[in-house]
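Student: Before I use this model in any calculation, I would like to go through it with you, one question at a time.

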Amino acid sequence: MDHIKSESVAGGRARPAQNGQSYVVLQVVLKEKLFGTGSGNLTELEKSINAQAALGYRLHTITTSASGSKGLGGGDRIQATLVFERLGIN
């Protein structure tokens with residue numbers, strides 16, 4: 001069975017919402033690893049969630065979708081879209 005290796009994209013970096021907005025949307029690309037062990041996907045997702053939590057946001061929604069393949073030896077990619085909600089909004 002193939003193992004999963006994470007590969008974060010720029011959109012997966014922590015950031016605050018724009019002025020006047022309550023939500024932040026981030027995308028993390030997860031890459032299927034053809035050989036070896038040690039999935040980094042959960043760690044990568046955890047880093048993104050904890051970074052946003054440190055900025056005062058909680059995870060509201062997460063979805064995943066297939067985002068294609070990089071061909072032979074490149075592995076398939078899964079795109080995780082995370083929606084964070086700012087805490088303390090009245």
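Tutor: The questions below go from the whole chain to single residues, and the model is a predicted one.

Student: In what order do the elements of the chain run from the N terminus on?
Tutor: The secondary structure comes to one helix and four strands. Read from the N terminus on, the order of these elements is β-β-α-β-β.

Student: Which element has the lowest mean pLDDT?
Tutor: Over the chain the mean pLDDT is 76, and 66% of the residues reach 70 or more. pLDDT stays under 50 over residues 1–10, although the model has 36 contacts beyond four places in sequence for them. Where pLDDT is low, the predicted coordinates should not be read in detail. Among the elements, β4 has the highest mean pLDDT, at 88, and the lowest, 38, belongs to strand β1 (residues 3–7).

Student: Which element gives the most residues to the largest nonpolar core?
Tutor: The largest nonpolar core has ten residues in all, namely Ala 17, Val 24, Leu 26, Val 28, Leu 30, Leu 45, Tyr 57, Ala 80, Leu 82 and Phe 84. The elements that give two or more residues to this core are β4 and β2 (23–33). With four residues, the element that gives the most is β2.

Student: What span does helix α1 reach from its first C-alpha to its last?
Tutor: Helix α1 covers residues 41–54, which is 14 residues, and at 1.5 Å a residue a span of 20 Å is expected. The span in the model is close to that expectation, at 20 Å.

Student: Why do the buried residues of α1 line one face of the helix?
Tutor: The buried residues of α1 are Asn 41, Glu 44, Leu 45, Ser 48 and Gln 52. The face turned away from this buried side carries the exposed residues Leu 42, Lys 47 and Ala 54. Seen down the axis of α1, the buried residues line one face because they fall within an arc of 100 degrees.

Student: How does Ala 53 count at 41% relative accessibility: buried, partly exposed or exposed?
Tutor: Ala 53 is also found in helix α1. Buried requires under 20% and exposed over 50%, so at 41% Ala 53 counts as partly exposed.

Student: Which residue follows α1 with a positive phi?
Tutor: The phi in question is near 95 degrees. The residue that has it is Gly 56.

Student: What is the relative accessible area of Thr 81?
Tutor: Thr 81 is found in strand β4 (residues 76–86). Neighbours within four places in sequence aside, Thr 81 is in contact with Val 25, Leu 26, Gln 27, Thr 61, Ile 62 and Thr 63. Thr 81 is buried, with a relative accessible area of 17%.

Student: Which residues does Ser 67 touch, not counting those up to four places away in sequence?
Tutor: Ser 67 has its place in strand β3 (residues 57–69), and at 35% relative accessibility Ser 67 counts as partly exposed. The C-alpha atoms of Ser 67 and Leu 30, 37 residues apart along the chain, are separated by 9.3 Å. The residues that Ser 67 touches are Arg 77, Ile 78 and Gln 79.

Definitions and conventions
Residues are numbered from 1 along each chain as its sequence is written. This is a predicted model: local features need pLDDT of at least 70, side-chain atom pairs count only at pLDDT 80 or more; totals for chains, interfaces and linings use all residues. Side-chain values use heavy atoms; hydrogens and water are left out. Buried means under 20% relative accessible area, exposed over 50%, partly exposed in between (1.4 Å probe, protein chains only). Contact means heavy atoms within 4.5 Å. The expected span of a helix is 1.5 Å times one less than its number of residues. The arc is that of the directions from the helix axis to the C-beta atoms. pLDDT is the predictor's confidence in each residue, from 0 to 100. A nonpolar core is a set of buried Ala, Val, Leu, Ile, Met, Phe, Trp, Tyr and Cys residues joined through side-chain atoms within 4.5 Å.
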